[in-house]
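Please examine the sequence and the fold shown below.

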Amino acid sequence: MPGGVLAIDAGNSKTDVAIVAADGTVLGGARGGGFQPPVVGVAKAVAGLAPLVALAAHEAGIAVDAPPLVEQVSACLANADFPVEEQQLELALRAYGWGRHTHVANDTFAILRAGVAEPRGVAVVCGAGINCVGMLPDGRTARFPAIGRISGDWGGGGYLSEEALWWAARAEDGRGEPTALATALPAHFRLSSMYALIEALHLEVVPAAAQHELVPVLFRVADGGDPVARRIVERQAQEITALAQVALRRLDLLESDAVVVLGGGVLAARHPLLLDGVTARLAAVAPRAVARVVGAPPVLGAALLGMDRVGADPAAVARLRQHFGAGETSADVLADEPANAADPAGR
C-alpha cells in the first residue's frame, strides 16, 4: 500500500493499531493489552504487537504474509524513555518488515501530535505518571527521562495517591498538621481510620492497584478547601508548568505563539483547581502560549506522525482527523473546556 501508514500507540495498559491509506482513510484497526518491555523484554513485547497488526491488516484487506504492508510504520511506545530504547525497539519492529520505513518514539509524542495542527509545540502528560515532550517541524525535540523520582519527576496519579496517604497518616498520629484527608481516604474504603487503611494496604486486604481510587478523593477534599489537599494539587500544577516551561525554552518557544497540549487522566479530568493553577502559572512564564486539553486518541497522533513522514497532503490529514472525530488540533483551548467525568487517577 504505497504511501500508507501503520500507526501503533502502545501504552502501559492498552495498545491501539491503525492502518491508514495514503489519502487518510483508516482501513483497519485493533486494540490489545499493555506494552511493557521492562517486564517481558523487547522481543516479547514487540511480538505481542504482531496479532494486533494482523487483525488490522485483515480488516484492511491486506495480506499480512506479504510485507511490506505500508510505506511507513509509526510506533509511539511506552517505556521508550531513552534514545537507546527507541533504537532497540525500532530494530525489533523492523525485523517484522511491516513497513518500508519504521520510526519509533515515546508515546507522549503521539499525544502531542494529536493536539497540534502541525508538528510544533509541547505536551505534558499527567496520568499514572508524568512526562513532557516538545517538537518542531525541523525535527528538533525536547524530552525528559521521566522514569520517576531518580529523574526528578513529581506527580501523576500514583504519586498523588501516595502523597495524600503520607499527609493523612501524619495527621492521624500527630506528626503532621490536621487534614480532612485523614478521614476521607479510609472512608472511601469503608474503613474507620488511617491506621486501618495503612494495615489494609500493607496486608493487601486493599490491593495496591486500588490506591489510584484515592486521587478523586484528594481532588474532592481540595475542593472543600482543605489546606493540605490544596497544596498537593497546587504542587502538581507547579510541576506541570515547570516541565512545559523548560521544554518551551529548549525549543526557543518561550516567547513565541505556542501550544501546550495537556493529556493523561489527571489532566483530562479538568479539575478546576489544577487547570486554573496550570494556566495562571503558564501565563506568567510564557504569556503567548495557549494550553489545550487533548481529546483525541493517541493513535491519531501516531498516525499523523507517520503522515508527516510520508508527506501526506492536507486533505488526507483532514480525512484522518475526521475519522477520529477530531478537529484541526484534536484539542480544545483550556479556558473553554467544561468539566467532565474523566478518571483523574490516570487510567
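Which residues of helix 9 are buried? They are L214, V215, V217, L218, F219, V221 and A222, where buried means under 20% relative accessible area, exposed over 50% and partly exposed in between, with a 1.4 Å probe and protein chains only. This is a predicted model, in which local features need pLDDT of at least 70 and side-chain atom pairs count only at pLDDT 80 or more, whereas totals for chains, interfaces and linings use all residues. Residues are numbered from 1 along each chain as its sequence is written, and side-chain values use heavy atoms, with hydrogens and water left out.

Helix 9 spans residues 214–223 and is mostly covered, with seven of its ten residues buried; helices (H or I, at least four residues) and strands (E, at least two) are DSSP runs numbered from the N terminus. Its buried residues pack against helix 6 (157–173), helix 7 (181–188), helix 10, helix 11 (265–268) and helix 12 (272–285), a contact being heavy atoms within 4.5 Å. After helix 9 comes G225, with a positive phi near 95 degrees.

The largest nonpolar core has 61 residues, of which L181, L185, I240, L248, L262 and L274 touch the most other members; such a core is a set of buried Ala, Val, Leu, Ile, Met, Phe, Trp, Tyr and Cys residues joined through side-chain atoms within 4.5 Å. Helix 10 (residues 227–250) supplies the largest share of this core, ten residues. A second, separate core of 32 residues includes A105, V116, L320 and A326.

| Charged residue | Ring | Distance to ring centre |
|---|---|---|
| R231 | W167 | 5.6 Å |
| R250 | F144 | 4.6 Å |

W167 also forms an aromatic pair with W166, at 5.1 Å centre to centre and 80 degrees between the planes, which is edge-to-face. Rings of Phe, Tyr and Trp (its six-membered ring) pair if their centres lie within 6.5 Å, and planes under 30 degrees apart count as stacked, over 60 as edge-to-face and the rest as tilted.

Overall, the protein holds 14 helices and eleven strands, and buried residues make up 53% of its 347 residues. The mean pLDDT, the predictor's confidence in each residue from 0 to 100, is 93, and 93% of the residues reach 70 or more. Over residues 335–347, however, the pLDDT is below 50.

Notes: Lys NZ or Arg CZ within 6 Å of the ring centre and 35° of its normal.
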